[in-house]
Amino acid sequence: MADQPSISAAAASPSAASPGAHESSPGAHEVPQQGELVAAPLPEGAEDEDDEGLGSDSDSALGDDAASSTNSITASILEYRTIQGRTYHSEKHNSSYFTPNDEQQLQSVDITHHYLSVLLGGKNFLTPISDNVEKVLDIGTGSGIWAIDFADQYPNAEIIGTDLSPTQPLWVPPNVKFELDDCTRPWTWAPDTFDFVHGRYLFGAIADWDELFRQAYRVVKPGGYAESCEADVVMLSDDGTVAPDSAIELFWNMLYREAGKKLGVTFQPIEDNVQVTAFEKAGFEDIQSHTYKFPVGGWPQDKTLQECGQYVQLTMLNDVEGYTLFLWNTVMGENAPGYQEFLAYMRKDLKNRRIHSYMKVRYVFGRKPKTSTTSTA
């Protein structure tokens, strides 16, 4: 893998990893280290509102790169569910995924891809794969942006991206293709098919993480890798600026905590340590876990984290409704009053430079033993 610039040197945020994994790995394969997450001082007399060109819902810094792929797709697959004007994936799937699949949400998916790349100093994954990687699977590909970037970086590799909805672009590199698939159902690929299996931001969609990575282990070639990137989306602060009576706590954090209980999934995969545990149970070896804090807003003093936080803020302001509407109906009841009022307060909190909120993201990767014999089950 080509060398990439690393984030300014400092210790990455600690995480609770099990004995089979380690949080950092000295040696030939370097991973980005995170700058110190401290707030930059506000200019005297500065306003709370951060109005650096970030818009409200329906605004985006992106163009129309998320056009739906409708050719050769049966009408039944495109019969999306509609909730208060927002479309969600077809009910033909077992999963009840919480975000919409419309253009507005896909724009936020693309911005998310960018802020994670900024956080990692230009990298889109941490796994030390071979430059000669041949076949790659991206599960839960969303807008397809990770698969497309990977295909551009590795033009000799074949990349397959899967998702519940056909929302990827029509014009893509010749070495990438997209397929409709539900990763919570049995995978249909033959054992030992892929050199690299990648999954990102599947929180809220997976009830059985052990089974997910058992399937990933089965389809990875001996000596190949799997990588999981997941976030805890409950917002925290180290200085108490996320107050108990804030919209962040009473609305955003409440919805994600309570919806997880009702839906039987986790929105805090880091706190629950599902990634490392599942990798170990599946049989992966040389497991590494790397955890980062990513800010919400441009409040950090560190310039890289400041840029990352501005894009995190943008993805949320672009579609805070898309991240909360399904959860509100799940937790509070369909069309329960108060939603629009909370949205307004939430947007205000997101733009308040005196609130130093952040979330956490964890990258876990592991290698399938070179001598492994895979069951076809």
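Trainee: Among contacts in the chain between residues at least 6 apart in sequence, what percentage join residues at least 24 apart?

Mentor: The figure is 78%, where contact means heavy atoms within 4.5 Å. Before we go on, please keep in mind that this is a predicted model, in which local features need pLDDT of at least 70 and side-chain atom pairs count only at pLDDT 80 or more, while totals for chains, interfaces and linings use all residues. Residues are numbered from 1 along each chain as its sequence is written, and side-chain values use heavy atoms, with hydrogens and water left out.

Trainee: Thanks! How many helices and strands are there in the chain?

Mentor: The chain has 7 helices and 10 strands. Both are DSSP runs numbered from the N terminus: helices are H or I with at least four residues, and strands are E with at least two.

Trainee: What makes H6 roughly antiparallel to H7?

Mentor: Good one! Two packed helices are described by the angle between their axes and the distance between the axes. Axes here are lines fitted to C-alpha atoms, for helices over the stretch in contact, and angles run from 0 to 180 degrees between N-to-C directions. Helix H6 (residues 303-332) and helix H7 (residues 339-350) cross at roughly 150 degrees, with axes that come within 11 Å. Angles under 35 degrees count as roughly parallel, over 145 as roughly antiparallel, 65 to 115 as roughly perpendicular and the rest as oblique. That is why H6 counts as roughly antiparallel to H7.

Trainee: Which residues of H6 and H7 make the contact?

Mentor: Among them are Met-316, Val-320 and Trp-328 of H6, and Tyr-339, Phe-342 and Leu-343 of H7. The residues of this contact divide into 10 nonpolar, 3 polar and 2 charged. Ala, Val, Leu, Ile, Met, Phe, Trp, Tyr, Cys and Pro count as nonpolar, Asp, Glu, Lys and Arg as charged, and the others, Gly among them, as polar.

Trainee: What angle do H4 and H6 make where they pack?

Mentor: H4 and H6 pack at about 45 degrees, with their axes 9 Å apart. This angle falls in "the rest" of the ranges above, which means that H4 is oblique to H6.

Trainee: Is the crossing of H4 and H6 left-handed or right-handed?

Mentor: H4 passes H6 in a left-handed crossing, whereas H6 passes H7 in a right-handed one. A crossing is left-handed if the near helix is turned anticlockwise from the far one by less than a right angle, and right-handed if clockwise. The contact of H4 with H6 includes Phe-251 and Trp-252 of H4 and Tyr-323 and Trp-328 of H6. Its residues divide into 15 nonpolar, 2 polar and 2 charged.

Trainee: Why is the aromatic pair of Trp-328 and Tyr-339 called tilted?

Mentor: Rings of Phe, Tyr and Trp (its six-membered ring) pair if their centres lie within 6.5 Å; planes under 30 degrees apart count as stacked, over 60 as edge-to-face and the rest as tilted. Trp-328 and Tyr-339 are 5.5 Å centre to centre with 50 degrees between the planes, so the pair is tilted. This pair links helix H6 and helix H7, and its residues are 11 apart. By contrast, Trp-187 and Trp-189 lie 5.9 Å centre to centre with 90 degrees between the planes, so theirs is edge-to-face. The structure holds 25 aromatic pairs.

Trainee: How do you know that Trp-328 counts as buried?

Mentor: Buried means under 20% relative accessible area, exposed over 50%, and partly exposed in between (1.4 Å probe, protein chains only). Trp-328 has 2%, so it is buried. Tyr-339, with 5%, is buried as well.

Trainee: What makes helix H3 largely enclosed by the rest of the structure?

Mentor: In helix H3 (residues 209-219), 8 of the 11 residues are buried, so it is largely enclosed. Trp-209, Leu-212 and Phe-213 are among the buried ones. Their cover includes strand E4 (135-139) and helix H5 (274-282).

Trainee: And Asn-335: buried or exposed?

Mentor: Its relative accessibility is 54%, so Asn-335 counts as exposed. Asn-335 sits in the loop between H6 and H7, and has a positive phi of about 60 degrees although it is not a glycine.
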